[in-house]
Amino acid sequence: MKLVYRYRVKSLTGLLNQQARTVNFVWNYCNDRQKDALRFGRRWHTGFDLIKLTTGCSKELGLHSGTVNDVCQRYAASRAMSHRPYLRYRGRKAMGWVPLKGRELKREGNAFRFAGRTFRVFYSRPLPEGKILDGTNFSRDRRGNWFLNIVVEVEPAPVRAPARGVGIDLGLKTLATLSDGTTIEAPRFYRKAEAALACAQRARKKLRIKAIHAKIANRRLNFLHTRTSAIIAAFDYIVVGNVNAQGLAQTSMAKSVYDAGWSSFRTQLAYKAVKHGAWFEEVDERFTTQVCSHCGALPDTRPNGIADLGVREWCCSDCGAVHGRDHNAAVNILRRGRATLAVGISAL
């Protein structure tokens, strides 16, 4: 399996800033050649065509030849993926990015060597032994810090037997409600920092605004990593409802949806499950709050639609069971996941 290890770079950041500007120049050159092909009715350039056009320029540009080739291939792949005749130009506002071939990066103790230079990093966690793959790159965040993202191939973990399962219902006030009754309260990092952010925006302090946004993102990421790691360690089979975060982000709840980080939560659960040999599945969550998890009926007393969104507890008119709205949904989500698991595994 492929994993990405991210280390903050603490040396030669000035060189990376210069190379990032040169990478943008190569990208814009590829964009110009694509426009020329459109203008004169020629065949659209592939990645190999662009590599031929840029052959021999690496020494003059001060870039490694593998970096130039990777930029050309990424441009052609991005243009084909977006189904557009050409792409946007990369300028000063573009995020810093310097791609490289995996075979060109060498380990040197707790540092890394590339193109004859040694890049020292904050070695926050050991890099496992394995082949470093293409896709490795240097990237710069909004605050100007550079990171080395290493794609490494490692042996997959043995698959665990799905003995302990859990269903997870996602929400805004409560980030996640588990089928065993556990709840994870939403930390609401953005809401807590909203006043300080508004003050900095009124004062037009750009550096302060970037610092606040970075702090919010880092705190949210750390919180999600802590909670998802605990879930993966406690359960062998994780089922999550496929709530439409992108759709809800277009409504008046946009700030709360982005602050909750549903997509990051599910993404972390998905890749950590593969990494640790657990099972992960997303199921259709429609009617999970309305179906009685005790008898499986759709009673008349169920909460129905947006009008009953404030109903957090209800009683089934068919069997008399009393349900918490989110816990009932989590139990139904787990039940739907078990149904698909039983179909996929003959032993069950």
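Two strands count as paired if DSSP finds at least two bridges between them. In this predicted model, β2 and strand β6 (residues 137-140) meet that condition, being joined by three bridges in the antiparallel sense. Within this pair, Val 98 lies opposite Phe 138 of β6.

**The sheet**

The two strands belong to an open sheet of four strands, ordered β1-β7-β6-β2 and paired antiparallel. Its edges are formed by β1 (2-8) and β2 (97-99), each of which pairs on one side only. On average, neighbouring strands of the sheet are turned by 20 degrees against each other, direction ignored.

Helix α1 (residues 13-39) packs on this sheet and touches β2, β6 and β7 (146-153). The direction of helix α1 makes about 80 degrees with that of β2.

**Cysteines**

A search of the whole structure finds zero disulfides.

How exposed are Cys 199 and Cys 295? The table gives the relative accessible area of each residue.

| Residue | Relative accessible area | Class |
|---|---|---|
| Cys 199 | 45% | partly exposed |
| Cys 295 | 39% | partly exposed |

The class follows from the cut-offs, because buried means under 20% relative accessible area and exposed means over 50%, with partly exposed in between. Cys 199, at 45%, is therefore partly exposed, and Cys 295, at 39%, is likewise partly exposed.

Notes. Residues are numbered from 1 along each chain as its sequence is written. This is a predicted model: local features need pLDDT of at least 70, side-chain atom pairs count only at pLDDT 80 or more; totals for chains, interfaces and linings use all residues. Side-chain values use heavy atoms; hydrogens and water are left out. A disulfide is a pair of cysteine sulfur atoms within 2.5 Å. Buried means under 20% relative accessible area, exposed over 50%, partly exposed in between (1.4 Å probe, protein chains only). Axes are lines fitted to C-alpha atoms, for helices over the stretch in contact, and angles run from 0 to 180 degrees between N-to-C directions. Contact means heavy atoms within 4.5 Å.
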